[in-house]
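Let's take a walk through this fold together, one part at a time. Keep the viewer open and turn the model as you read.

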Amino acid sequence: MPRSRMNGNFIDKTFSIVANILLRIIPTTSGEKEAFTYYRDGMSAQSEGNYAEALQNYYEAMRLEIDPYDRSFILYNIGLIHTSNGEHTKALEYYFRALERNPFLPQAFNNMAVICHYRGEQAIRQGDSAIAEAWFDQAAQYWKQAIALTPDNYIEAHNWLKITRRFE
């Protein structure tokens, strides 16, 4: 049974009802409708922590979806799962792929910065300050891009950039 037909909480049910109505009234192909169904089921599984199921749905949505903008969000969500699983290299790859299709995803830039910052902190713990600085510089570049897209967001990143004198 598709996830969209399973019992969920009120918000999930409401989202499913609205999404089904939109799918009926918006002129889309059957492939686009099927891709959206897989994407929606992926989001639902992801929100419940069922990452393997979410990935299966996202990969199927990617197979069917042709619109680069829509594909960017699927790729972004795959990146989120890999981030949650600690697979940072894979996550970065998916964030890059999402940004290739949609360069206006500040959340992808932010997540890439967070990964780079984390790697910088790991390098400090290992006593490699040169590598740490390189990771921090890369994090700064990504946070600057995220902030440029959404100036009122990422306040902590903005403050970190100022404190570390990387904001220019």
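**A turn after a helix, and what surrounds it**

Just after α8, R165 takes a positive phi of about 60 degrees. Before going further, a word on what you are looking at: this is a predicted model, in which local features need pLDDT of at least 70 and side-chain atom pairs count only at pLDDT 80 or more, while totals for chains, interfaces and linings use all residues. Residues are numbered from 1 along each chain as its sequence is written, and side-chain values use heavy atoms, with hydrogens and water left out.

Now step back to the whole chain. Its secondary structure comes to 8 helices and 0 strands, so named because helices (H or I, at least four residues) and strands (E, at least two) are DSSP runs, numbered from the N terminus. Read from the N terminus on, the elements run α-α-α-α-α-α-α-α. Buried residues make up 39% of the 168 residues in the chain; here buried means under 20% relative accessible area, exposed over 50%, and partly exposed in between (1.4 Å probe, protein chains only). The chain exposes about 9,900 Å², of which carbon and sulfur atoms supply 56%; accessible areas come from the Shrake-Rupley method with a 1.4 Å probe, and for residues only the protein chains shown count as cover. Among the contacts in the chain with a separation of 6 or more, residues 24 or more positions apart account for 47%, a contact being heavy atoms within 4.5 Å.

Let's return to α8. Its buried residues are A157, H158, W160 and L161. Seen down the axis of α8, these buried residues fall within an arc of 160 degrees, so they line one face of the helix; the arc is that of the directions from the helix axis to the C-beta atoms. An α-helix has 3.6 residues a turn, so residues three or four places apart point the same way. The face of α8 turned away from the buried side carries the exposed residues E156, K162 and I163. What do the buried residues of α8 pack against? Their partners are α6 and α7.

Leaving aside residues up to four places away in sequence, N110 touches W143, A146 and Y154.

The next stop is α4 (residues 68–84), a helix of 17 residues. From its first C-alpha to its last, α4 reaches 24 Å, close to the 24 Å expected at 1.5 Å a residue; the expected span is 1.5 Å times one less than the number of residues. At the N-terminal end, D67 caps α4, with a side-chain oxygen 3.2 Å from the backbone nitrogen of Y69. Just after α4, G86 takes a positive phi of about 80 degrees. The buried residues of α4 include R71, I74, L75, Y76 and H82, and the buried residues of this helix pack against α2 (30–47), α3 (51–64), α5 (88–101) and α6.

Finally, the charged pairs. Side chains of opposite charge can pair when their charged atoms come close. A search of the whole structure finds 5 salt bridges, each a side-chain nitrogen of Lys or Arg within 4 Å of a carboxyl oxygen of Asp or Glu. One of them joins R97 to E93, with the closest N and O atoms 3.9 Å apart. Both R97 and E93 lie in helix α5, 4 residues apart, about one turn of the helix. R97 is partly exposed at 27% relative accessibility, and E93 is partly exposed at 41%.

R166 brings us back to where we started. R166 forms a salt bridge with E133, the closest N and O atoms being 2.5 Å apart. R166 lies in the segment after α8 (155–163) and E133 in helix α7 (residues 129–149), so this pair ties together parts that are 33 residues apart in sequence. R166 also forms a salt bridge with D137, where the closest N and O atoms are 2.9 Å apart. This second pair links distant parts of the chain as well, with D137 in helix α7, 29 residues from R166. Through shared partners, the salt bridges join E133, D137 and R166 into one network. Buried or exposed, where does R166 fall? At 10% relative accessibility, R166 counts as buried, whereas E133 is partly exposed at 40% and D137 is partly exposed at 39%.

Definitions and conventions: Polar contact = N/O pair within 3.5 Å; in protein donor to acceptor, adjacent residues only side chain to side chain.
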